Amino acid sequence: AGNLHWVNVARRYFPPLNAPTETGSAGTKLEVLGPIQLWVDGAAVDYSARKGWELLGVLLEARLAGRSEVTQLDLIDTLYPEMDEAKAAAALKQLVYRLRSALGSAVITRTSQGYALGAVNSDAEQFLRERATRLWRGPYLQGMGEGWDASVRESLYHTLRTQAAAGLSSDPEETLRVSRLLLEADPYDREGLALGLRALQHLHNPSAAERLYRQGRERFTEVGERLPEDWQQFLLSLA
């Protein structure tokens with residue numbers, strides 16, 4: 001009937017034989033390299049509460065940054081900045097309860113001063129391990145803003161840009177796709193624009209390179225920056 005929520009509930013109460021009963025197991029995956037999505041045992045979770053997504057995103061970024069927890073006070077400041085502390089603490093507690101009820105108690109763990117992401121894998125961590133650019137389905141945290149830790153976002157995009165450049169000769173089509181992702185995230189990314197132009201060079205498509213550069217040049221002109229007239233001159237200027 002298409003009701004994935006109740007499918008996930010049924011899986012929690014009737015797990016496979018000899019499988020761990022905690023639903024926040026290795027089968028839980030948070031995807032953030034594109035529209036945010038959660039998967040449990042290969043099935044997409046039907047979940048739409050934005051605050052819940054924000055909490056998961058904040059906790060994931062903390063883990064990516066090497067922090068063992070996010071304090072309750074920091075979570076309150078991030079998620080409920082306009083609410084007084086007592087009401088915000090109650091709202092956070094209720095949010096954690098609802099997430100655990102929907103996804104399993106191991107998804108979020110209580111720490112000495114706050115909370116941490118529990119037994120959840122992520123495509124961001126997989127990407128940083130494997131450097132596989134195809135894990136990116138769209139801009140980071142698409143539809144959720146730019147995230148909460150600028151250093152995490154910068155690190156992910158830096159690695160993406162580096163890997164795309166390394167694969168330019170072997171897979172120019174993928175480099176071109178990544179270039180478009182970079183420009184979607186930051187229309188004024190000169191290196192992202194250059195990657196797309198170099199990919200089109202490898203694909204022997206100068207007319208497409210001309211169109212891409214004209215669009216990029218127009219964007220820069222709108223903010224008062226002038227790029228060279230010719231896209232090949234632009235590439236030489238970055239060499």
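# Salt bridges, sheet and helix packing in a predicted model

In this predicted model, residues 24 or more positions apart account for 61% of the contacts with a separation of 6 or more.

Q: How many helices and how many strands are there in the protein, and what percentage of its residues count as buried?
A: The protein contains both kinds of element, with 10 helices and seven strands. Residues count as buried when their relative accessible area is under 20%. Of the 239 residues of the protein, the share that counts as buried is 45%.

Q: Which residue forms a salt bridge with R67?
A: A search of the whole structure finds 14 salt bridges, and R67 takes part in one whose closest N and O atoms are 3.2 Å apart. R67 lies in the loop between helix 2 (50–64) and strand 4 (70–71), while its partner lies in the loop between helix 5 (123–130) and helix 6 (150–166), so the pair ties together parts that are 82 residues apart in sequence. The partner of R67 in this salt bridge is D149.

Q: How many residues apart are R161 and D189?
A: R161 forms a salt bridge with D189, and the closest N and O atoms of this pair are 2.8 Å apart. R161 is in helix 6, whereas D189 is in the loop between helix 7 (172–185) and helix 8 (190–202), and the pair links distant parts of the chain that are 28 residues apart.

Q: Why does R161 count as buried?
A: R161 has its place in helix 6, and, leaving aside residues up to four places away in sequence, it touches L182, D189, E191, G192 and L195. R161 counts as buried because the cut-off is under 20% and its relative accessible area is 18%.

Q: In what order do the three strands of the open sheet stand?
A: Strand 4 is joined to strand 6 (residues 114–117) by two bridges, and these strands run antiparallel. Strand 5 (residues 108–110) also pairs with strand 6 in the antiparallel sense, over three bridges, and these two strands form a hairpin with three residues between them. Strand 4 and strand 5 each have a single partner strand and stand at the edges, so one side of each is left without a neighbour in the sheet. The order of the strands is 4-6-5.

Q: Which residue in strand 6 is the bridge partner of T109?
A: The pairing of strand 5 with strand 6 is antiparallel, as is that of strand 4 with strand 6. V70 has Y115 as its bridge partner in strand 6. For T109, the bridge partner in strand 6 is A116.

Q: What angle does the direction of helix 2 make with that of strand 6?
A: Helix 4 (residues 85–103) lies across strand 5 and strand 6, and runs at about 130° to strand 5. Helix 2 packs on the sheet and touches strand 4, strand 5 and strand 6, and the angle between its direction and that of strand 6 is about 80°.

Q: How are helix 5 and helix 6 oriented to each other?
A: The axes of helix 5 and helix 6 come within 11 Å and cross at roughly 45°, and the crossing is left-handed. The contact is made by A124, F127 and L128 of helix 5 together with L156, T159 and L160 of helix 6. An angle under 35 degrees would count as roughly parallel, and one from 65 to 115 as roughly perpendicular. Helix 5 and helix 6 are therefore oblique.

Note on methods. Residues are numbered from 1 along each chain as its sequence is written. This is a predicted model: local features need pLDDT of at least 70, side-chain atom pairs count only at pLDDT 80 or more; totals for chains, interfaces and linings use all residues. Side-chain values use heavy atoms; hydrogens and water are left out. A salt bridge is a side-chain nitrogen of Lys or Arg within 4 Å of a carboxyl oxygen of Asp or Glu. Helices (H or I, at least four residues) and strands (E, at least two) are DSSP runs, numbered from the N terminus. Two strands pair if DSSP finds at least two bridges between them. Buried means under 20% relative accessible area, exposed over 50%, partly exposed in between (1.4 Å probe, protein chains only). Contact means heavy atoms within 4.5 Å. Axes are lines fitted to C-alpha atoms, for helices over the stretch in contact, and angles run from 0 to 180 degrees between N-to-C directions. Angles under 35 degrees count as roughly parallel, over 145 as roughly antiparallel, 65 to 115 as roughly perpendicular and the rest as oblique. A crossing is left-handed if the near helix is turned anticlockwise from the far one by less than a right angle, and right-handed if clockwise.
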